[in-house]
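Okay, everyone, thanks for coming. Let me put the structure up, and then I'll talk you through it.

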Amino acid sequence: MFDYLIVGAGFAGSVLAERLASQMNRSVLLCDKRPHIGGNAYDCYDDAGILIHKYGPHIFHTASPRIFRYLSQFTGWRPYEHHVLAHVDGKLVPFPINVDTVNALYGTSYSPAEVEAFFARVAEPIKHCRTSEDAVVSKVGRELYEKFFRNYTRKQWGLDPSELDAAVASRVPARTNHDSRYFTDEFQAMPLRGYTRMFENMLDHKNIRVLLNTDYREFMNEVSFREMIYTGPVDAFFDFRYGKLPYRSIEFKFDTHDREVFQPNAVINYPNEHDYTRITEFKYLTGQEHPKTSVVYEFPRDEGDPYYPVPRPENGELYRKYKALAEATPNVRFVGRLATYRYYNMDQVVGQALATFDQIREATLDGAAV
Ligand code: FAD
Ligand code: UDP
């Protein structure tokens, strides 16, 4: 008999397992159908001995001191600020677009104030910014949109930016200054010994039992538990009752090169050429020193493991039907990127899991008071 069955050992499931075990002394059975913990943040050493991220590059960043403090109980950190270059018009230029991007592309020498005036000239006024196309052309105009966003987005999502919510492309700012960091959050760092080690530390508790290589449906009826926390795709939980919710997948192709450095930057985006969107060289992220280097190419796919919810109005509508079902299902909580169909970063999932834990604890206290 367990107090909780938690499905999925990614951030959502592992944070809740840790909190329930350590703060409420609950017994937890945490299962994952994959052969490892960590969910999509899982990292491991490849055959050459280089630390890679099996499900694509994961860079930790958050504006929340609470979330950073929470995770710091389980890992030390390596300070790391992420920078991306985009290959456009035969040049490697800083991305997100900033004053240096514009100057490198157009051979201009604009100051930040001048590039602001340039954006104001080329931006298209849009009253209700609904789509990702709107979000970009209303800030930097159509030409930069075409160079950096249109084709990348079509590759990444199999959809035109005009078919995706504004929130997708709005994840990437447009800047008039020289700041070339991908993220501007106060806390930006990589777990010192990797994500998997951090998860191992989180789950190292006598009240937590981890069961890998196992779909929860295989043993659901043979194990007793009081409550369930589900972090897999919400539509699968309900046997696709209202149809499939679209999730975008990616095929990752890894390569190891017999030289110390492969490319001049951690990530290079290829908006307009190739079938892949970007190449990541892991040693930049991890700081590992090694005579060889490993990279990953990302090929977006319709089929495969679900990685990205697809933010667009009709999917939001379908999700709301599943959400209503989820809310009407007693003793099951739905948490995480797949279960709540939200394009969440790692820190947001941690925040959502901590908030869920607070709710569980409050409900227990209320119950005790009655
Ligand atoms: P997941 O990590 O997906 O965990 C869910 C787990 O549930 C999985 O392990 C799955 O195997 C398991 N599961 C599902 N169904 C079942 C079942 N029936 N039985 C048993 N187990 C099941 N975020 C950042 O902050 N920074 C980044 O740089 C970043 N880069 C990313 C790059 C890529 C390519 C992707 C795809 C995501 C990236 N993210 C990044 C987002 C990050 O991966 C997620 O926010 C986070 O990992 C989600 O955690 P989760 O626990 O909600 O889901
Ligand atoms: N994007 C783009 N060109 C780029 C990088 C991003 O058009 O060079 C768009 C694309 O639609 C992408 C979205 O911005 O899906 C968000 O980018 P982000 O880097 O946050 O994506 P993630 O790392 O989550 O895949």
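So, burial first: buried means under 20% relative accessible area, exposed over 50%, and partly exposed in between, using a 1.4 Å probe and protein chains only. By that cut-off, 55% of the 370 residues of the protein count as buried.

Before I go on, the housekeeping. This is a predicted model, so local features need pLDDT of at least 70 and side-chain atom pairs count only at pLDDT 80 or more, while totals for chains, interfaces and linings use all residues. Residues are numbered from 1 along each chain as its sequence is written, chains are lettered from A and ligands numbered from 1 in the order in which they are written, and side-chain values use heavy atoms, with hydrogens and water left out.

Now the overall shape. Along its principal axes, the C-alpha trace spans about 70 × 50 × 40 Å. What about contacts, meaning heavy atoms within 4.5 Å? Take the ones between residues at least 6 apart in sequence: 72% of them join residues at least 24 apart.

Let's zoom in on one residue, Gly8. You'll find Gly8 in the loop between strand E1 (2-7) and helix H1 (11-24); helices (H or I, at least four residues) and strands (E, at least two) are DSSP runs, numbered from the N terminus. Is Gly8 buried or exposed? Buried, because its relative accessible area is 11%. And which residues does Gly8 touch, leaving aside neighbours within four places in sequence? Gly13, Ser14, Leu30, Cys31, Asp32 and Thr231. Finally, Arg278 sits 270 residues from Gly8 along the chain, with 28 Å between their C-alpha atoms.

Note on methods
Contact means heavy atoms within 4.5 Å.
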